[in-house]
Amino acid sequence: MEHKVETKEQPEKNNTDTSYLPECWSDDRRMGILLAEFRPRELNAASYDAKMKFWKDLIYSFCNTSGSSLVSISALKEQFRRKGTVPYCLHVVLADMLAKGELCKESQLKVQQHTGTFGFNLWTAKQLVKAPLLWGYDVMVGSFTGTVNINDNENFIVTAVTHQHSKMIENIIAERELSYKLLQYEDLVDLLQKTSSITRHGVEPAVALLEKCNRLTKQTIVSGGTSTVLIKFAGANAVAQPITTIERSIYELEQSENRLMKDINMVEHSISETMNKVREYIKDGRKQMAKTYLKKKIFFEKNMQGKINALENLQGILLKIHNCQSDKNIIEAYKLGTNALKNAYEVAGITIGELDETMDEMRFVLEQHDEMSAMIGTVSTSDVDELELEQELGDLIDMKLAESKIHTKDFPTPPSTSTIDNNTTISVPDFDKEIEKRLAALRVDGTDGYKLTDHGLQLNR
């Protein structure tokens, strides 16, 4: 979809800034030598190389200051004109730069790359190092002989400056989060003129280089007799993808939305002007003219209402399209989560069959545990006969009573009876009750015990 960049129209930067000129520019003697043609390198190699470096550095400095990597011999002559004298050595300088890949022809950079998705460094190696072979044998030879025939009006691109501008553009796009969004070329130019030193002439070479490196995609749309260039930048460490049909459709819908909004604003303005006319005619007493303009206002209002309805429909369609993209992201997240859960089960080795087997085994073990607990609870811990114990306990109590000189006859207990049949009953001693009564006889209050002892002493005396 298109992303609008709010910018104001920026004037093209002029080249009146001379801050790039070196200090020796005011030295007539020094500059007289530098502006002259090159002498053969065999005569003085050090002087030849120093002069070549001077002009290359000056060209780089000029391009950085002017905000454009696009140069030509005729433009450089005018820019470096000093006291009416132009440099006569620029043909040799540009020829050397061409031979060493420091320059490339503008037409060469604009050739579209048809195969592969090469990276930035690979393209540089293929196009800027091997390019002199494509540019012709005459350039290679001319760089050494100084007789290169270069058209003064032919445009060349300083590759180092173009690389620098390309990085600046990508940084601005990343900071504004405009990757994968459609931009109009004119909006991009306005943005760069506002946020960087790159001029309109400097944008085109940088965009062409980025397109060759598969860092952006360009597409031209012709509508209503006008052509619009759309650009979509790739994200970091990614390859630019073609502009899809959906993205182009969204762009056209957004353009229609913008046109409708402009039309509505114009109609609102017309309604406002019409009402002003109505008030003027009423004030002047021209009721018929006021009535005519009121009818015109009603026509405008109906027209505006139709445009408003169309705008609402378009906005609803755009909202649904955006929601579809959001739904797609949600579905992708669901798929990712499902696959992650499946992988987690696979790594853990958990399956439905294994889970059923484990649960069955756990139920079996618990049943065994319950049976074992029940069996343990039913086992007797002693083999002693309870009846024999009660009889022995009764004998011991009788012995204790005898020692205490208490007769059991003082504590009669009714015998227990057990019925055998309807006519015969047998007396069976109730050992529990008997033992309880005998124990009760042994319980003597502490005070009474003392009295009994005293009484026994008195009797003995």
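Guide: A residue is called buried when its relative accessible area is under 20%, exposed when it is over 50%, and partly exposed in between (1.4 Å probe, protein chains only). With a relative accessible area of 6%, K212 therefore counts as buried. Before we go on, this is a predicted model, where local features need pLDDT of at least 70, side-chain atom pairs count only at pLDDT 80 or more, and totals for chains, interfaces and linings use all residues. Residues are numbered from 1 along each chain as its sequence is written, and side-chain values use heavy atoms, leaving out hydrogens and water.

K212 belongs to helix α11, residues 200–212 (helices are DSSP runs of H or I with at least four residues, strands are E runs of at least two, numbered from the N terminus). The C-alpha atom of K212 is 8.0 Å from that of L109, although 103 residues separate the two along the chain.

Now follow α11 to the strands: it lies across β5 and β6, at about 115° to β5 (contact means heavy atoms within 4.5 Å; angles run from 0 to 180 degrees between N-to-C directions of axes fitted to C-alpha atoms). Those strands sit in an open, antiparallel sheet of three, ordered β4-β6-β5. β4 (182–184) and β5 (216–223) are at the edges with a single partner strand each, so one side of each has no neighbour in the sheet. On average, neighbouring strands here are turned by 30° against each other, direction ignored.

Strands pair if DSSP finds at least two bridges between them; β4 and β6 (residues 226–233) run antiparallel and are joined by three. For Q184, the bridge partner in β6 is L230.
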